[in-house]
Each structure stands twice: as structure tokens, then as C-alpha cells.
Amino acid sequence: MSMSKIEQQGRREFLKKAAIGSAVTIAPGVMLHSLSAEAAPRTEPVTGKVRWGMLVDANKCADGCNDCVAACDKENGLDLVDMPEGADESQWERQRPRWIRQITLKDNLTGRLTHLPMMCQHCEEPPCADVCPTGASFRRADGIVMVDRHICIGCRYCMMACPYKARSFIHAEVAEKLTHTPRGKGCVESCNFCVHRLDNGQTTTACQDACKHQAIVFGDLNDPQSAVSQALKKYPSVAIRDDLKLNPGVRYSNI
């Protein structure tokens with residue numbers, strides 16, 4: 001299903017559903033790398049032959065562990081932004097850009113709590129792209145959902161549309177940034193599966209590399225022999241907010 005084909009009424013109904021309907025509720029809750037000898041910049045266009053995806057084993061995700069969050073921050077330069085002078089620390093923690101957050105899921109029926117990392121789920125039918133008035137939010141052929149900061153106008157419709165609360169808004173000037181991760185005030189940003197790595201021939205994400213519990217498996221969902229495909233075959237898994245039928249590229253086991 002293509003969200004671009006959904007009529008306006010459908011969009012309103014979807015946003016309403018995303019806001020109020022849920023079987024679970026989301027509560028707030030370094031690795032340095034270099035290119036391998038085999039890694040090389042992409043020479044071919046991105047195609048749909050590959051769909052990048054991830055499986056997170058919630059049983060292996062240790063409560064209190066923040067390694068994936070710290071690795072993401074460092075990989076993308078999010079740790080280069082300091083808390084504004086005089087700002088309230090708790091408010092800063094809530095508003096600071098984060099591409100991965102440690103959250104707690106609560107099953108409304110059983111009360112069971114599960115701790116896990118939440119990032120952009122890289123939906124096959126991303127509502128963020130559907131509501132973006134400029135096309136800044138888009139999905140690549142290989143399944144990666146991204147934001148083009150050069151045409152993002154900061155309206156934040158995408159943030160309202162995302163049922164995973166996976167996007168951040170940049171409120172202040174970004175004095176320091178990494179070459180491979182351009183960032184700027186007034187733009188929305190989110191996890192992009194370390195696309196700069198993938199486009200340079202690497203096959204892992206920073207969060208995966210940093211997880212000492214091996215809770216994260218990343219790879220090509222279209223390759224039946226990939227580690228993530230094999231893990232999905234072996235272990236039962238679910239999509240968060242599966243009721244929305246977005247077919248996300250991130251799945252979770254043991255939740």
C-alpha cells in the first residue's frame with residue numbers, strides 16, 4: 001500500500017488512530033570505526049534489491065544499558081551539542097536530539113514492562129513521508145527512511161505523524177557537526193541506519209557494533225542468508241504498533 005495514495009480523509013483518520021489507539025504505551029524512559037579493507041563507496045544506484053532491517057532481542061537488552069544510544073550520539077555527532085547555559089537539565093534531556101531512545105513498553109493487558117531501544121522503524125509505508133509538504137521526508141529504494149535537511153522547513157508534521165515518536169527537532173544552531181551528518185537549526189532528523197556507512201560499503205550500524213549483549217542484528221531483509229533474515233526465521237518477532245500495518249523494517253523479539 002502506498003501512503004501517497006491515501007486521500008486526505010484517510011490521513012486524518014490515520015493520525016487520529018496513531019494518537020489514541022495502542023495496545024502498548026511508550027514511556028520516556030563507542031565504538032570508533034573505520035572502513036574495512038573490502039569497504040568501498042557505492043558505485044551503483046540504490047535499488048530495491050536490498051531492504052535494510054533490524055531485529056532487536058528485548059531479552060538481551062539490559063535495563064539501564066545505554067551503549068547503543070551513546071554510540072549513535074557519537075557516530076552522528078549528536079554528542080557535540082552542549083546543554084545551553086542556564087537550561088534545566090531534565091528539560092534538556094527531554095528535548096535534546098536523540099536518534100535512539102531507551103524506552104519502556106507497557107502491555108496494557110498484562111502490565112508487563114519491557115525495556116528496549118526505539119528508533120525510526122523505517123516503515124515500508126512511512127506516514128512521515130506521506131504528510132511532508134516538501135518531500136524532505138522520504139524512503140529510499142533500499143528501505144531507509146531519511147530527512148533531506150536542505151528542503152526540510154521544520155513544520156514538524158512528520159513528528160506528529162510518527163507513531164514511534166522517533167524524530168527530533170533541532171531548536172538551536174549546531175556549531176559542530178560531522179561531515180557525513182549535516183545538521184542544522186529548524187530541521188527534523190532521525191535514525192538513518194548509519195546510511196553513510198552503508199553507502200561506503202560497510203554492513204553494520206553503530207548501535208549494533210556497540211551492543212555488547214548482541215541484542216541487535218542488522219542486515220538485508222531481502223537476503224534469506226543474511227544474519228537478520230536467519231534470526232527472523234529462528235525467533236518469533238513482532239512489529240511495534242503492528243496494528244497500523246506500516247510494515248516497519250525494525251522488529252523485536254521477546255516482548
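Visitor: Which strand holds Lys 106?

Guide: In this predicted model, Lys 106 lies in strand S3, residues 100-107.

Visitor: Why is Lys 106 called partly exposed?

Guide: The relative accessibility of Lys 106 is 41%. Buried means under 20% and exposed means over 50%, with partly exposed in between.

Visitor: How many residues separate Lys 106 and Ile 255 in sequence, and what is the C-alpha to C-alpha distance?

Guide: Along the sequence, Lys 106 and Ile 255 are 149 residues apart. In space, their C-alpha atoms are 9.7 Å apart.

Visitor: Where is Arg 183, and what makes it buried?

Guide: Arg 183 sits in the loop between strand S7 (168-169) and strand S8 (188-189). Its relative accessible area is 1%. The cut-off for buried is under 20%, so Arg 183 is buried.

Visitor: Which residues are in contact with Arg 183, leaving aside its neighbours within four places in sequence?

Guide: Among them are Asn 76, Gly 77, Leu 78, Arg 149 and Glu 189.

Visitor: Why is the pair Arg 183 and Glu 189 called a polar contact?

Guide: The contact joins the two side chains at 2.6 Å. A polar contact needs a pair of N or O atoms within 3.5 Å, one able to donate a hydrogen and the other to accept it. The distance of 2.6 Å is within 3.5 Å, so the pair of Arg 183 and Glu 189 meets that cut-off.

Visitor: What is the order of the strands in the open sheet?

Guide: Three strands form it, in the order S9-S2-S10, with mixed pairing.

Visitor: What makes S9 and S10 edge strands?

Guide: Strand S9 (216-220) and strand S10 (250-253) each pair on one side only. From one strand to the next, the twist averages 20°.

Visitor: How do you know that S2 and S10 pair?

Guide: Two strands pair if DSSP finds at least two bridges between them. Strand S2 (residues 52-57) and S10 share four bridges, in the parallel sense, so they count as paired. Met 54 has Val 250 in S10 as its bridge partner.

Visitor: Which helix packs on the sheet?

Guide: Helix H8 (residues 227-234) does, touching S2, S9 and S10. The direction of H8 makes about 120° with that of S9.

Visitor: Which residues of H8 are buried, and why are they said to line one face?

Guide: Val 228, Ser 229 and Ala 231 are buried. Seen down the axis of H8, the buried residues fall within an arc of 165°, so they line one face of the helix. These buried residues pack against S2 and S9. On the other side of H8, Ala 227, Lys 233 and Lys 234 are exposed.

Conventions. Residues numbered from 1 in each chain as written. Predicted model: local features only at pLDDT ≥ 70, side-chain atom pairs only at ≥ 80, totals over all residues. Heavy atoms only, no water. Helix = DSSP H or I, 4+ residues; strand = E, 2+ residues; numbered from the N terminus. Axes fitted to C-alpha atoms, helices over the stretch in contact; angles between N-to-C directions. Contact = heavy atoms within 4.5 Å. Buried < 20%, exposed > 50% of the residue type's maximum accessible area, 1.4 Å probe, protein only. Arc of directions from axis to C-beta.
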